[in-house]
Amino acid sequence: MMAAASDQEAIMAAEQGEAVVTPAAKRALLDRTALPWWSLVIPVLGIIAILLDLAKANGFGAALAGAVMIGCVVVAVHHAEVVAHKVGEPFGTLVLAVAVTVIEVSLIVSLMLSGSGDVATLARDTVFAAIMIILNFIVGICLLVGGIRHHEQRFVLRGVSAALSVLAAMAVLSLVLPNYTSTVAGPTLSQSQLTFVAIVSLILYATFVMVQTVRHRDYFLPAVDGSLPKDAHAEPPAAGTAWIAFGALLVALVGVVLLAKDLSPTIEAAVLGAGLPLAVVGILIAALVLAPESLAAVKAARKDRLQTSLNLAMGSALATIGLTIPSVAIVSLVMDWPLSLGIDAKSTVLFALSLLVSTLTLGNGRTTVLAGIVHLTIFAAYMFVTIVP
């Protein structure tokens, strides 16, 4: 009884910021607060909204479905942080990246099977939009938020350099090379070329994951210099709590993607009604799918965990290509559908600029607000020339 009372007092003191919490009290505090009731209820509401076709009912139903979808995004971030804290770095940052990408692939394949929009360019537009959002918006906002709050942030250069090299190779082979092959007219690939690109993308991604999680984990771990925030050393949640969080994370992500799919006709009508190009719809849906990773990365940057933010961003970009391209290639080959992967000249220039700037801004292991502003400016240019081609 005395120990229990002591832990309870320590928890209350910790909540008020008045004492150092013991390991036992940290575990009690985490187990009590890790899975609040709303984090378990909202994913269920998302599934109910999907089953009831709430997004297709009327204006009010669509608005309600949109609110539920935003709630699922917040819940996904919460549960991803719980799971990440349990498994530790760098495995934790892979959880959200791989989960979101797998569901994103499912969404693209389902849209291809349903014949919605331009099937030939759907995968290309989605992948390129995701890369530009990740490489410029997510990275830019993380560097800006972290720089404003902490002035200068540090990360392990070797890990980011390795990720950028793999990203450059996969993206150029998948999105640029198809414009310059001659077996068939660009921007498409022949069956053998498409098979080769799919295999190479999968091999590169699998090798990167092995390097990140096994052979060179230290490249992707935060530097141990005593500067980590106190909550970085909190006790991890219990195994049962982590498994429940993982299940709720998957349900929430399914809710985000399927609600986004159901809301896409409404969004498309609104975009066309505003006189905007149809490509904006793909950007909006990609942004919704990537929202959990974006919020998790920004929260990590605010807590001076830039390494975690960059692991999330780069891992997401690599997973987007390494898993999406092979998946859509298989569907294209099996269904005998044309697949246009090559991006146009305007997109190629923006992508080359993004890679060059990323190499410079992330090339010395330290970042400031200036780097964040540069990345966000490139993203603004991408959005502007998409709307005003």
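The model is predicted, so local features need pLDDT of at least 70, side-chain atom pairs count only at pLDDT 80 or more, and totals for chains, interfaces and linings use all residues. Residues are numbered from 1 along each chain as its sequence is written, and side-chain values use heavy atoms, with hydrogens and water left out.

**Overview. The protein as a whole.**
Start with the 13 helices and two strands of the protein; helices (H or I, at least four residues) and strands (E, at least two) are DSSP runs, numbered from the N terminus. The protein has 389 residues, and 49% of them count as buried. Buried means under 20% relative accessible area, exposed over 50%, and partly exposed in between (1.4 Å probe, protein chains only). Look also at contacts, meaning heavy atoms within 4.5 Å: among those between residues at least 6 apart in sequence, 82% join residues at least 24 apart.

**View 1. Helices H9 and H10 side by side.**
Here you can follow H9 (residues 239-273) and H10 (residues 279-302), whose axes come within 9 Å and cross at roughly 155°. Axes are lines fitted to C-alpha atoms, for helices over the stretch in contact, and angles run from 0 to 180 degrees between N-to-C directions. That crossing makes H9 roughly antiparallel to H10, a term for angles over 145 degrees.

**View 2. The residues where H9 meets H10.**
On the H9 side, the contact includes Leu 253, Val 256, Val 257 and Ala 260. Among the H10 residues that take part are Val 280, Val 281, Leu 284 and Ile 285. Sorted by class, this contact has 13 nonpolar, one polar and one charged residues. Ala, Val, Leu, Ile, Met, Phe, Trp, Tyr, Cys and Pro count as nonpolar, Asp, Glu, Lys and Arg as charged, and the others, Gly among them, as polar.

**View 3. Ser 340 in its loop.**
Find Ser 340 in the loop between helix H11 (306-335) and helix H12 (345-361). Ser 340 counts as buried because its relative accessibility is 11%. Leaving aside neighbours within four places in sequence, Ser 340 is in contact with Ala 120, Thr 121, Arg 124, Pro 187 and Thr 188.

Asp 53 lies in the loop between helix H3 (37-51) and helix H4 (59-87), and its phi is near 55°, a positive value in a residue other than glycine. With a relative accessible area of 37%, Asp 53 is partly exposed. Asp 336 sits in the loop between H11 and H12; phi of Asp 336 is near 55°. At 60% relative accessibility, Asp 336 counts as exposed.

Key:
Angles under 35 degrees count as roughly parallel, over 145 as roughly antiparallel, 65 to 115 as roughly perpendicular and the rest as oblique.
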